Amino acid sequence: MNRLTNTLKAAPSRELQTLLLAAARAALTAGTIIRELYAKPHTIRMKGEIDLVTEADLAAETAIIASLDEDAPGIAVMAEESYQGLMDKDERTWIIDPLDGTTNFAHGIPIFAVSIGLLDGGKPLAGVTYCPLQDELFCATRGGGAWLNDHRIQVTRTEFLVQALVATGFPYDIRKHLDQVIGQTRSVLPKVRDIRRMGAAAVDLAYVACGRLDGFWETALKPWDTTAGWLLVEEAGGTVTDFNGQQYSPFKGEILASNTTLHPLLIEAVA
Ligand code: IPD
Ligand code: CA
Ligand code: CA
């Protein structure tokens, strides 16, 4: 694949090259499906009061699983729309969000992504986030750097919150988290340049990795929202933790990602 030449060259092993290529092909295939469906009327089902699933989420997930099974067979899968609640957290597993930003997709807002991460022993080995409408393919392998369309990416060098453009998001079960979300936003907003609510956590993390955003935090996320983005940010030179600066785990729900200088300042602001 042309746009992966440098990305694959930098991957530290043959195995990681194969795995990244498998994830990238699956993400691009799903992205093509999503792009085609975006222009047509949608079939929308409610998963919760405000939580949607569309024909594109389901079609993309089916295509991703089939593609991964073809290119890298025998690896466990945790995919948002078919997840049954059972997973061995230490087993090597593809963590898949077939369409992150479904609400944007359904409302015709062009900010959404396919996100595929590979976890092994609880750590990310490879990650791909693909934004189909922008045709932007973000890739990372552990030790092989972070890349956007085959160009190396890095987090920002912003040193002060007042110069920082940060993002956050709101969980679907917002009533349960309202005080925390409002409290954090109230604390961060007057300290930073501005806050974005992109509507797709995988995009937020990819944008931190490539320096469009200086930081991102959100609570109550799922492993498929963050696994690929976690690796993208770390391989782009950034730091990813929970809200207390402790070791990040995609099973914890809360994430705070930024460049390493801003990180303690953002932790303090979010606290
Ligand atoms: C959602 C998006 C959103 C975030 C939500 C996620 P989905 O994922 O990432 O930005 O705020 O918490 O659940 O449902 O569009 O895949
Ligand atoms: Ca998601
Ligand atoms: Ca999703």
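Modeller: Buried means under 20% relative accessible area, exposed over 50%, and partly exposed in between (1.4 Å probe, protein chains only).

Colleague: Before we go on, what kind of model is this, and how is it numbered?

Modeller: This is a predicted model: local features need pLDDT of at least 70, side-chain atom pairs count only at pLDDT 80 or more, and totals for chains, interfaces and linings use all residues. Residues are numbered from 1 along each chain as its sequence is written, chains are lettered from A and ligands numbered from 1 in the order in which they are written, and side-chain values use heavy atoms, with hydrogens and water left out.

Colleague: Fine. Which protein donors does the calcium ion (ligand 3) have?

Modeller: They are E80 (OE), D97 (OD) and L99 (O), lying 2.2 to 2.4 Å from the ion. Donors are N, O and S atoms within 2.8 Å of the metal (3.2 Å for Na, K and Ca); water is not among the atoms, so sites may look incomplete. The spacing of the donor residues in sequence is E-x16-D-x1-L.

Colleague: Why does the pair E80 and L99 tie parts together?

Modeller: E80 lies in the loop between β3 (76–79) and β4 (93–100), and L99 lies in strand β4, so the pair ties together parts that are 19 residues apart in sequence.

Colleague: And what does D97 bridge?

Modeller: D97 bridges the calcium ion (ligand 3) and the calcium ion (ligand 2). The two ions lie 3.7 Å apart.

Colleague: Zooming out. How many helices and strands are in the chain?

Modeller: The chain has eight helices and 14 strands. Helices (H or I, at least four residues) and strands (E, at least two) are DSSP runs, numbered from the N terminus. The radius of gyration is 17 Å, close to the 18 Å that the globule rule gives for 271 residues, so the chain is as compact as a globular protein of that length. That radius is taken over C-alpha atoms, and the rule is 2.2 Å times the number of residues to the power 0.38.

Colleague: How much of the chain counts as buried?

Modeller: 55% of the 271 residues. Contact means heavy atoms within 4.5 Å.

Colleague: New topic: α7. Is that helix buried or exposed?

Modeller: Twelve of its 13 residues are buried, so α7 is largely enclosed by the rest of the structure. Among them are P223, W224 and W230. There is also a kink of about 25° in α7, centred on G229. The bend at a residue is the angle between axes fitted to the seven residues ending there and the seven starting there.

Colleague: What about E234?

Modeller: E234 lies in α7. E234 is partly exposed, with a relative accessible area of 28%. Leaving out residues up to four places away in sequence, E234 touches R142 and V240. E234 and R142 are 92 residues apart in sequence, but 8.8 Å apart in space, C-alpha to C-alpha.

Colleague: Last one. Where is the kink in α5 centred?

Modeller: On Q180, and the kink is about 30°. The buried residues of α5 include H177 and V181. They pack against β10 (165–168), β11 (194–196), β12 (215–218) and α8 (263–270).
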